[in-house]
Structures are given as C-alpha cells and as structure tokens.
Amino acid sequence: MTTFNYTITDPVGIHARPAGLLVKEIKSFAGSAVTITKGEKSVNALKLMALMQMGIKQGDTVTVSVDGGDEAAVAAALENFFKANL
C-alpha cells in the first residue's frame, strides 16, 4: 500500500465538480483501490456521494491510500491530480 498526505487548497474544498473529476481519474486506474481518509473517517474514493459527505474543506489534510497494481505510479498520478485540481 502506498500513501500520501495532501492539504486541500481549493477555496471550497472537495465539492461536486472536483469530486466527479477525481472519481473519473481513479476509474482510469483499473485494478487499484483508492481510499481517502480524513481524521477517523475513510471512504472508497470511487463513491462520489460518500466522498462529498466527508465535508473536506480548504485547509483539511487528507490521506490518500492506493492498493493494487503499480501503486507507486498511481499514487504519483493522483498526487499530481490533487495539486492541479484540489
């Protein structure tokens, strides 16, 4: 399992548009399970509604965990996605 932490910089946090883009990005990595954790709460990152219900706001730090094939490459791609979109 590969993980990284990211502090959200988007002024409105993870809302519908970036959450939808994130789910679409993760779907392109077939065979990898991605989990996002904030505090004690963790969700499968493919679950759009669960992701939005976490209430992740600007300044919150999340942990992204990638499990499956080619974890390091998937984690690096997701980290770049977070930097560009969140």
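Where is the place of Thr7? Thr7 sits in strand 1 (strands are DSSP E runs of at least two residues, helices H or I runs of at least four, numbered from the N terminus). This is a predicted model, in which local features need pLDDT of at least 70 and side-chain atom pairs count only at pLDDT 80 or more, while totals for chains, interfaces and linings use all residues. Residues are numbered from 1 along each chain as its sequence is written, and side-chain values use heavy atoms, with hydrogens and water left out.

**View 1. Surroundings of Thr7.** Leaving aside residues up to four places away in sequence, Thr7 touches Gly59, Asp60 and Thr61 (contact: heavy atoms within 4.5 Å). The C-alpha atoms of Thr7 and Asp60 are 5.5 Å apart, although 53 residues separate them along the chain. Thr7 is partly exposed at 37% relative accessibility (buried is under 20% relative accessible area, exposed over 50%, partly exposed in between, with a 1.4 Å probe and protein chains only).

**View 2. The salt bridge of Lys38 and Asp60.** A search of the whole structure finds one salt bridge (a side-chain nitrogen of Lys or Arg within 4 Å of a carboxyl oxygen of Asp or Glu). The side chains of Lys38 and Asp60 form it, at 3.4 Å from N to O. Lys38 lies in strand 2 (residues 32-38), and Asp60, 22 residues apart from it, in the loop between helix 2 (48-53) and strand 4 (61-68).
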